[in-house]
Each structure stands twice: as structure tokens, then as C-alpha cells.
Amino acid sequence: MPATVTVAIPVYKRLTYVAQAIRSVAAQEYPAIELIVSDNGCNGDAVLNIARANYPRPFVFRQNPASVPIVPHFNQLLAAASGDYFVLLSDDDELAPGYLTAMVAALEDHPDAAAAISRVEVLDEQDRVVGSTADRPLPPRVMSGPDWIRRWGYNEHKFVCFTTNLARVAELRAVGGYPDFDGGNGVDNALLVALSIERGIVYCHEAIFRHRIYDTSFGKSVSVASLARASRQFLAFLDCHPALRSYARRHPREWASCRAAITRVIWTTYYGRWRQLYRGRERYLAWLKAGFALPFIPAYYRRAIPEMVYSLPAIGPLARRRLAVR
């Protein structure tokens with residue numbers, strides 16, 4: 001008997017792409033799928049009707065009587081899973097055909113690995129592929145946890161995201177499930193770090209996860225204050241999660257290099273969004289204050305402080321002219 005894969009789709013208020021997400025699961029030829037569709041947005045019968053119309057096999061439907069925050073919702077789905085493996089699929093993303101077959105085979109071929117990750121295609125609102133990891137250098141098939149962390153942290157392979165991957169249900173539960181960061185920012189990355197630090201990661205280039213990014217998608221709609229809180233929580237998580245603390249005690253030099261790599265991901269993500277995405281959204285003083293929202297990370301402030309100086313109404317043009325003369 002093949003191992004059962006639980007594919008969990010959490011739904012809130014956006015229903016535009018739910019049918020496509022469900023159809024992408026229905027199109028999988030893998031023979032043992034437990035689909036859980038979970039309505040966390042008090043949408044009446046709308047989500048259930050979409051699932052019935054687009055998934056021809058039995059599925060599990062659950063509905064929260066009142067909306068809960070995003071991370072407790074993710075952990076509800078992990079708790080409800082009865083499969084051997086778990087895949088979280090956002091309600092606007094998709095699995096390419098053959099995804100589950102390839103990912104299960106990859107992880108079963110490498111039982112010492114903690115999770116399998118795949119190639120990523122980036123979709124826009126019109127279902128056009130606007131980016132792909134296929135044209136980038138492929139990472140090794142199997143990486144140790146620290147090796148994967150460093151490759152991710154220093155952008156060696158330009159990984160897009162780890163929202164959707166394949167891991168064993170029991171192991172996800174054993175490390176505590178999704179950590180409760182503000183707004184769910186970075187929880188997929190943090191969970192994968194805790195899961196793999198003692199183990200490893202399989203990169204399954206045969207499988208494709210289709211990740212949709214647009215102006216109102218989760219990553220672009222979060223507030224700068226929420227992203228700052230989650231960034232600080234992620235940094236604290238690195239020092240307090242039991243699996244990471246245990247590894248750090250036994251391998252202090254190795255962990256120091258991993259922690260530096262993860263910290264780099266956290267601050268560069270925050271800096272990039274603060275500098276570009278939020279600059280046009282926030283009032284000037286609020287944006288300036290947000291630049292100081294992270295704890296003291298020298299590399300971050302070496303980038304952020306000049307940006308603040310150049311943005312000052314009086315100083316900015318003069319500083320830019322002086323730099324141009326040099």
C-alpha cells in the first residue's frame with residue numbers, strides 16, 4: 001500500500017483561485033491522497049460547494065465556527081491530518097501534474113532526509129508563468145540541514161519560497177508544528193529549519209510547485225509592522241527552539257554559520273520590502289521609524305541608514321549629488 005499524503009488547503013476570504021488549487025490536487029495521479037479543505041473565513045457553503053464541484057473523490061471538509069489567526073489554522077490542519085506525509089497548499093497556489101508522485105518517491109528514496117522541496121514556478125493573476133527556478137543552478141539532490149540552510153541564506157540557488165513542501169506528519173508534529181509568528185510571516189521557513197537541522201533536505205527537480213504572487217497576495221499585503229514583529233520573532237526562535245538549542249550546544253561553530261545565514265535571510269527580506277514595497281505605502285515618518293524596527297544587525301543597518309539619509313527631503317538630493325561627483 002502506498003503511503004497516504006495529506007494535502008491541506010487553508011481558505012480564508014479569497015476564493016478566486018480556490019477551485020484551481022483543488023483541481024491541481026484532483027489532477028494528481030498519486031493513488032493515496034487525503035484532501036482537507038478548511039474554511040477559516042466564515043464563508044457559509046461557498047468553500048464546500050467549490051470543493052464538491054472541483055474534486056471528484058472523497059475529501060475532508062472542516063469549517064471553523066469563527067476565524068482564527070493564520071498559524072493556529074495551519075496547526076489545526078496538521079493536527080487533523082491522518083496521512084503519512086503532509087503538504088500545505090495555499091488557496092491561490094497549485095501543484096503541477098506529477099508533483100506528489102515525484103516528491104514521495106524522492107523522500108522515500110532518502111529516508112534520512114526530513115523533507116523534500118521542489119522547483120517553483122511563479123504565476124501572476126492571469127496564470128502566466130513569470131518566474132521559475134528551472135533556469136537557475138540546481139542544488140544537489142540531497143543536502144544536509146546546515147548545507148541547505150547556508151545555500152538558502154546566501155542565495156546560492158535563488159530559492160523562491162518553501163510554503164509548500166513534503167514532510168512526514170509525525171516529524172512535523174514532533175518539532176512543534178508551525179511557530180506562531182505574527183501574521184504567519186516566515187513560519188514555513190522556520191519550521192523547515194527546525195525540521196532539517198539534524199537531518200537533511202531532498203531537492204526534487206522533477207516536481208513543480210506553482211506559487212502565485214500578485215499585489216494583494218499574502219506576501220505583498222502584510223503590513224510593515226507585522227513583518228517587523230515576525231522578523232524579531234524569527235530571530236528569537238533561532239535561540240529558543242529546543243531542536244536548534246540542542247544542535248547549537250553540540251555543534252556551536254556549525255550552528256553559528258547557520259544562524260548567520262538565516263539572519264541574513266531575515267534582514268534582507270525585511271530590508272527589501274521596507275525599501276521598496278513599503279516606501280510608497282507608509283507615511284514618511286512611519287516608514288523612517290520602521291527602518292529601526294529590527295534589533296542591531298550590523299549588516300542591516302549598514303544598508304538601512306544610508307537609505308534613510310538619502311531619503312531625507314533636504315539631505316537626500318545633496319548626498320546624491322556628492323556621490324555623483326565622486
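Because the model is predicted, local features were considered at pLDDT of at least 70 and side-chain atom pairs at pLDDT 80 or more, whereas totals for chains, interfaces and linings use all residues. Residues are numbered from 1 along each chain as its sequence is written, and side-chain values use heavy atoms, with hydrogens and water left out.

The chain contains 14 helices and ten strands; these are DSSP runs, H or I of at least four residues for helices and E of at least two for strands, numbered from the N terminus. Its radius of gyration is 21 Å, close to the 20 Å that the globule rule gives for 326 residues, so the chain is as compact as a globular protein of that length. The radius is taken over C-alpha atoms, and the globule rule is 2.2 Å times the number of residues to the power 0.38. Along the principal axes, the C-alpha atoms fill a box of roughly 70 × 50 × 40 Å. Of the 326 residues, 52% count as buried (buried means under 20% relative accessible area, exposed over 50%, and partly exposed in between, with a 1.4 Å probe and protein chains only). The accessible surface comes to about 14,900 Å², of which 55% belongs to carbon and sulfur atoms; areas come from the Shrake-Rupley method with a 1.4 Å probe, and for residues only the protein chains shown count as cover. Among contacts (heavy atoms within 4.5 Å) between residues at least 6 apart in sequence, 78% join residues at least 24 apart.

Helix α1 (residues 18–26) is largely enclosed by the rest of the structure, because eight of its nine residues are buried. The buried residues are Val 18, Ala 19, Gln 20, Ala 21, Ile 22, Ser 24, Val 25 and Ala 26. They pack against β1 (5–11), β2 (33–39), α2 (46–54), β5 (94–95) and β10 (200–212).

Two further buried positions were examined individually. Ile 262 lies in helix α11 (residues 252–277) and is buried, with a relative accessible area of 0%. Leaving aside neighbours within four places in sequence, Ile 262 is in contact with Ile 149, Trp 152, Val 193, Phe 234, Leu 238 and Trp 255. The C-alpha atoms of Ile 262 and Ile 149 are 7.0 Å apart in space, although the two residues are separated by 113 residues in sequence. Ser 118 lies in strand β6 (residues 115–123) and counts as buried at 8% relative accessibility. With neighbours within four places again left aside, the contacts of Ser 118 are Tyr 99, Met 103, Tyr 203, Cys 204, Ala 207, Ile 208 and Phe 209.

The chain has 39 positive and 30 negative side chains, and the centres of the two sets lie 11 Å apart. Lys and Arg count as positive and Asp and Glu as negative, without His and the chain ends; each charge is placed at NZ of Lys, CZ of Arg, CG of Asp or CD of Glu. The count of salt bridges comes to 17, a salt bridge being a side-chain nitrogen of Lys or Arg within 4 Å of a carboxyl oxygen of Asp or Glu. Glu 121 forms a salt bridge with Arg 210, the closest N and O atoms being 3.1 Å apart. This pair links distant parts of the chain, with Glu 121 in strand β6 and Arg 210 in strand β10, 89 residues apart. Glu 121 is buried at 13% relative accessible area, whereas Arg 210 is partly exposed at 24%. In the salt bridge between Arg 150 and Glu 254, the closest N and O atoms are 3.4 Å apart. That pair links helix α5 (residues 145–153), which holds Arg 150, with helix α11, which holds Glu 254, across 104 residues. Both are partly exposed, Arg 150 at 26% and Glu 254 at 31%. A salt bridge also joins Glu 307 and Arg 275, with 3.1 Å between the closest N and O atoms. Glu 307 lies in helix α13 (residues 298–311) and Arg 275 in helix α11, so the pair ties together parts that are 32 residues apart in sequence. Arg 14, Asp 91 and Asp 92 are linked in a network of salt bridges.

Positive phi values were found in residues other than glycine, including Cys 42, near 55 degrees, and Asn 155, near 60 degrees. Cys 42 is in the loop between β2 and α2 and is partly exposed at 43%. Asn 155 is in the loop between α5 and β9 (166–168) and is partly exposed at 39%.
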